[in-house]
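Student: I would like to learn how to read side-chain contacts and strand pairing in a model. Please take the features one at a time.

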Amino acid sequence: MKIGTAYFFDSRNRQMGDLSAQAARLQEQIATGKRILAPSDDPIISARLARMSGTAADQTQFASNVKLARGLLGQTDTALESVSNDLQRVQELLIRAGSDTLNDDNRAALAAELKSIADNLYSTANTTDVRGTALFGGSSAGPAYSRAADGTVTFVGEGEAPPIPVGEGITVQANDSGQRIFGGIQVGGTTKDVFKIVSDLAAALDVGGSATPADRQQALADASDGLSQAMQNVTTARASIGARGARLDIQAESLAKAANDYDIERGNLEGVNVQAAITDLQKTMLTLQATQSSFTMLSRLSLFDYIQ
């Protein structure tokens, strides 16, 4: 009799404990919207979800890199737009400088404006990007250009900036080297950069800059040739930026679609049918209540109850 009573209590306690645990699990599923709450619930699906989470983390980083690359390309294009405007102004001043009606004071005024433009070009070429590094400095952590006491501008950057990964095996060059955009211009058999071209033109127009009118005309011709090449370099660079921006747009759409597909697949794998879970919870709670009620009634029985 003692063994039977102990077994009765133990079995009913286990039954009520199992029902309580099942109810708690259903309540948590309803609250979280997830069917799988621990790896032990479904080891195979849990392992798959873990792999998916790793892939999703990579895609999130790629999306962040796309945003960074877009910002860098936008900043580069803005800077090059400023350079383009400055070079167009230099071309306007160059045309004016070719007039025979100008006197020394007029040409000196043009030279002063050209020097100001050269300063602005130097400042733009040393623009820092959103990360605080030189926009046109390549892989260098320091400035892109330095200027000596005599006004000579020198590229002090290094190579090309490392490309930014924006997808599995996909990278985008978000920065351009100033050496490639502003330098390597052939003028009169020598290689110059845009700063030297503008500075030489200003020097030729300044008081005492050109020994003879013929020298001045040659300086104007050299400047015209150099400016045409410089403008072409900037135009080519901006076209390349546009193409890279279009690639980023396509990649951003691809990443957004992948993220949406991931959410759907993850929901299908670990999601719970809330309506069905609520129904199961109600059934479980009714069973638990009935079990508790019957257990209470049976546990009150004694020998005196039987005698009566």
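Tutor: A charge sits over a ring if NZ of Lys or CZ of Arg is within 6 Å of the ring centre and within 35 degrees of the ring normal. This model is predicted. In it, R147 lies over the face of Y122, at 4.3 Å from the ring centre.

Student: How many aromatic pairs does the structure hold?

Tutor: There are five aromatic pairs. Y145 and F155 make an edge-to-face pair, with 5.3 Å centre to centre and 70° between the planes. Y145 belongs to strand 1 (residues 145-147) and F155 to strand 2 (residues 153-155), so this pair ties together parts 10 residues apart in sequence.

Student: Is Y145 buried or exposed?

Tutor: Y145 is buried, with a relative accessible area of 3%. F155 also counts as buried, at 18% relative accessibility, because the cut-off for buried is under 20%.

A tilted pair is formed by F182 and F195, 5.8 Å centre to centre and with 55° between the planes. It links distant parts of the chain, F182 being in helix 4 (residues 178-182) and F195 in helix 5 (residues 194-205), 13 residues apart. F182 is buried at 3%, and F195 is buried at 3%.

Student: Which residues form one aromatic cluster?

Tutor: The cluster consists of F136, Y145, F155, F182 and F195.

Student: What is the general idea behind a salt bridge, and how many are there?

Tutor: Side chains of opposite charge can pair when their charged atoms come close. The count here is 14 salt bridges. One of them joins R238 and D77, at 2.9 Å from N to O. R238 lies in helix 6 (residues 213-270) and D77 in helix 2 (residues 43-97), so the pair ties together parts that are 161 residues apart in sequence. R238 is partly exposed at 28%, and D77 is partly exposed at 23%.

Student: Which residue forms a salt bridge with D176?

Tutor: D176 meets R244, at 3.0 Å from N to O. D176 is in the loop between strand 4 and helix 4, while R244 is in helix 6, 68 residues apart. Both residues, D176 and R244, are buried.

Technical notes: Residues are numbered from 1 along each chain as its sequence is written. This is a predicted model: local features need pLDDT of at least 70, side-chain atom pairs count only at pLDDT 80 or more; totals for chains, interfaces and linings use all residues. Side-chain values use heavy atoms; hydrogens and water are left out. Rings of Phe, Tyr and Trp (its six-membered ring) pair if their centres lie within 6.5 Å; planes under 30 degrees apart count as stacked, over 60 as edge-to-face and the rest as tilted. Helices (H or I, at least four residues) and strands (E, at least two) are DSSP runs, numbered from the N terminus. Buried means under 20% relative accessible area, exposed over 50%, partly exposed in between (1.4 Å probe, protein chains only). A salt bridge is a side-chain nitrogen of Lys or Arg within 4 Å of a carboxyl oxygen of Asp or Glu.
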